[in-house]
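User: Hi! I am new to reading protein structures. Could you walk me through this one?

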Amino acid sequence: MATSSRSSRIPFRSTIGDAWAARIIGLVGGLAAWYLVTIVFPRGLFPGPMETVTASVELLASGVVWTHMEATFFRTFLGFIGAFFVGAAIGIAMGINNFGEQFSTPIIIIALSIPGIAWAAITTIIFGFGIAAPVVATAVTVFPYISLRIWKGVEDIDPTLIRMSRSFDISRGRLLRRMILPSIAPALFTAVRFGLAISWKIETQAEIFASNSGVGYRAIEAFSRYQYDTAMAWAVVFVVIVFALEMLVLRPLERKVFAYRKEADFSVL
């Protein structure tokens, strides 16, 4: 009886429709929840969707957005590039030999346990006010996440292939180029997307402490002046641009790179 009941259920996904319908419903639900939250607070204290949209349009029309957006993007990419190379090197070392795993595991655990906001404060003390503090804070916060992704990607490689390569005395450089990197390409791409998503957050947090430009700096400046709608507008504009970058650049690029793997469902990544 129970088996018959389970088999007669209609999958939830088919009752909603296609993926876009689900996304639109989620977006509308989020906006509705946002509006309901604003009702709890006194007028003007927590800007609602319409006030934020109006402030965002004014912000874009003023032209000041792009200067600070450029500063945030430049520092984010610098920090991410540093995190990627360090994280990839550690992740590959952890995956191909036990010494690398035993040596790096405590470093990864300690690095993961330190909040990004703490790194932002520490790097500000060390490097002072300027470009170095937010870039280094982003790099040291993000690299352990990249290491973990790549470590698991390397672990999934058939160990027989690695042993066979060593038995034929293939150099480490050739092993890396010809087998490891192609095998972990999906993990690398996931690490890029995941690392970038964290990098945006850390960079904007670090700008609060260590910069006089960028989205994080302008948002906290507006907040300190009680311009809550403007502070919210900076956040919304930034999120929209990052979302557009993800949907219009990263996802099409991923599908093109892995076009040969048509059976893969990248929408779940």
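This is a predicted model: local features need pLDDT of at least 70, side-chain atom pairs count only at pLDDT 80 or more; totals for chains, interfaces and linings use all residues.

User: How many helices and strands are there in the protein?

Analyst: Residues are numbered from 1 along each chain as its sequence is written, and side-chain values use heavy atoms, leaving out hydrogens and water. Helices (H or I, at least four residues) and strands (E, at least two) are DSSP runs, numbered from the N terminus. The protein has 13 helices and 0 strands.

User: Is helix 7 parallel, perpendicular or oblique to helix 11?

Analyst: The axes, lines fitted to C-alpha atoms over the stretch in contact, have angles from 0 to 180 degrees between N-to-C directions. For helix 7 (residues 116–127) and helix 11 (residues 185–210), they come within 9 Å and cross at roughly 40 degrees. Angles under 35 degrees count as roughly parallel, over 145 as roughly antiparallel, 65 to 115 as roughly perpendicular and the rest as oblique, so helix 7 is oblique to helix 11.

User: Which residues in helix 11 does helix 7 meet?

Analyst: Contact means heavy atoms within 4.5 Å. On the helix 7 side are Gly 116, Ile 117, Ala 120 and Thr 124. Their partners in helix 11 are Ile 202, Gln 205, Ala 206, Phe 209 and Ala 210.

User: What percentage of the 269 residues in the protein is buried?

Analyst: Buried means under 20% relative accessible area, with exposed over 50% and partly exposed in between (1.4 Å probe, protein chains only). Of the 269 residues, the buried ones make up 36%.
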